[in-house]
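Here is a short report on one protein model.

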Amino acid sequence: GAWARRMAAEQFRLIQDKLEIASARSENETLLLALAYAGLGMVAALETSSRIQKADWQVDPELERLTAVHAYTDHSRNLADAIKDNRTRTIILAAANHSDGFAQLQLENEEAARDLLQQAINERRDYPVPYVHLANTYDKGSDEAITWFKKALAIQPGFAFGWFQLGQAYDKRGKDDAIWQE
């Protein structure tokens, strides 16, 4: 819950503070800083969730939550440009797009969320979480949603969150027994 988000943000901030003051960074330090910003972006994105909108703690109280997500993910994207290793750069960009897409999903901006989450998937096809979030941009019981949930599970068959979401989709269709056939 809120405690875990607070602790994650504090860890990301420690990395950020330590590396931002360095005038010259190694590529590994740039990578850590980019990942810290991507992590802060996801924590800020979680703060946009309507379930915790009234939490007494925010990642960055002086910024609106969505502004915070964009600020952190933009920092992450800018730092990714300096990373030479293509795979590493792609992972950072995927994390930034995932954070932005999740924030848009929480704000019920489905089209914007779909675009960003699809970019995250295109950049990193082996990570199942954006697939589940993309599925949630569609009506829960729709064919599109079920297709995306199944794609997430094809990547990681033991992904409990994916199975839970797929079960909810079947339940919405009134076919909750279908989950046992998967």
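## Charges over rings

A charge sits over a ring if NZ of Lys or CZ of Arg is within 6 Å of the ring centre and within 35 degrees of the ring normal. The charged end of Arg-114 meets this over Tyr-138, 4.1 Å from the ring centre. Lys-151 lies over the face of Trp-148, at 4.3 Å from the ring centre.

## Basis and confidence

This is a predicted model: local features need pLDDT of at least 70, side-chain atom pairs count only at pLDDT 80 or more, and totals for chains, interfaces and linings use all residues. Residues are numbered from 1 along each chain as its sequence is written, and side-chain values use heavy atoms, without hydrogens or water.

The protein chain averages a pLDDT (the predictor's confidence in each residue, from 0 to 100) of 79. Of its residues, 75% score at least 70. Over residues 50-63, pLDDT stays under 50. Where pLDDT is low, the predicted coordinates should not be read in detail.

## Aromatic pairs

Rings of Phe, Tyr and Trp (its six-membered ring) pair if their centres lie within 6.5 Å; planes under 30 degrees apart count as stacked, over 60 as edge-to-face and the rest as tilted. The count is two aromatic pairs. Tyr-131 and Trp-148 form a tilted pair, 5.8 Å centre to centre, with 50° between the planes. The two residues are 17 residues apart.

Phe-159 and Phe-161 have ring centres 6.1 Å apart and planes at 70°, so this pair is edge-to-face.

Conventions. Contact means heavy atoms within 4.5 Å. Helices (H or I, at least four residues) and strands (E, at least two) are DSSP runs, numbered from the N terminus.
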